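Let's take a look inside a protein model together. Have the structure open while you read.

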Amino acid sequence: MRQATAETGVLVYAFTCGYITLPTTYFIAGGEGKTKVPACSFLIDHPDGLAVFDTGFSDRFVGLEDGLGKIVDMPEEHPIAVRLEALDVDPGAVQWIINSHLHLDHAGGNRMLPNATVIVQEQEWDFGFAGEDGAYSTQDFDIGQTVKKVRGEHDVFGDGSVTVFPTPGHTPGHQSARIRTATGEAVLAGDCCNFRRSLDEMKMPENVYNADHYRGSLESLSSLRRAGARIFYGHDPDFWSTVPQATELNMATIQS
Ligand SMILES: [Zn+2]
């Protein structure tokens, strides 16, 4: 891969870091049957450093026939460290992890980026230890990494190119990221918007932490999409199959 410079601006790469199969209503109300969805992760190459947005599942699921009762599928080439090494990126060189939230399909790979500082909303960090939600696995994120707890918007590199902003509802402290690139603006939604259809129909999952907040987050994403941003939905297998993997993304070609 080429390296980001002042000339290229921020470069973004997408990776699938495991799959999980769950009842479709977990992702969208009224959904039928079950859906196998990708855990989505992104490398953000900024001239001043590397960031990873969400780290997918832990490599402890690799080779497990029975990943969480057969619902997690983690091929051996999927852990975020393996994905980065395939691009000749040293996982130890990643400076920032941006966790949309701390569920195990989003923070599972944090330990594979040992020198990174974790950027997470303070409310999310605290809720991760509350014991109210079984999708948090503290062994994935309570590992002594430096944690930068933020409240509200945060400009990661100080130049407005990568900004996190709160999109609560799925969890109390969920956040998404806006990225300005030379080919257009990207919004890495995380689980505030699982499918393209969630946004088209303004439809939430059957169970959410806070429905009013969730609706507000969908509305924020909807206005960003209307303004031309490419939305990267959190768990949409159909959309995701159109996103080139492990190669520099051209936002102008992303059909969101
Ligand atoms: Zn998720």
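What follows covers a metal site and a cavity.

This is a predicted model, where local features need pLDDT of at least 70, side-chain atom pairs count only at pLDDT 80 or more, and totals for chains, interfaces and linings use all residues. Residues are numbered from 1 along each chain as its sequence is written, and side-chain values use heavy atoms, leaving out hydrogens and water.

**The zinc site**

- Asp105 (OD), His106 (NE2), Asp191 (OD) and His235 (NE2) are the protein donors of the zinc ion, at 2.1 to 2.2 Å from it; donors here are N, O and S atoms within 2.8 Å of the metal (3.2 Å for Na, K and Ca).
- Along the sequence, these donor residues follow the spacing D-H-x84-D-x43-H.
- His106 sits in the loop between β5 (96-98) and β6 (117-121), and His235 in the loop between β12 and α6 (237-240), so this pair ties together parts 129 residues apart in sequence.
- Both His106 and His235 are buried, meaning under 20% relative accessible area with a 1.4 Å probe, protein chains only.

**The cavity**

- A cavity is a set of points on a 1 Å grid over the protein atoms alone where a 1.4 Å probe fits but cannot get out, and the count comes to one cavity of 30 Å³ or more.
- The largest cavity holds about 50 Å³ of space, a volume being the space filled by probe spheres set on the points.
- Residues with an atom within 4 Å of a point count as lining, and among them are His106, Phe42 and Tyr233.
- Strand β11 (184-190) gives the largest share of that lining, three residues; strands (E, at least two residues) are DSSP runs, as are helices (H or I, at least four), numbered from the N terminus.

Note on methods
On a 1 Å grid over the protein atoms alone, a cavity is a set of points where a 1.4 Å probe fits but cannot get out, and a pocket is an open set with protein on both sides within 12 Å along at least five of seven lines; lining residues have an atom within 4 Å of a point. Buried means under 20% relative accessible area, exposed over 50%, partly exposed in between (1.4 Å probe, protein chains only).
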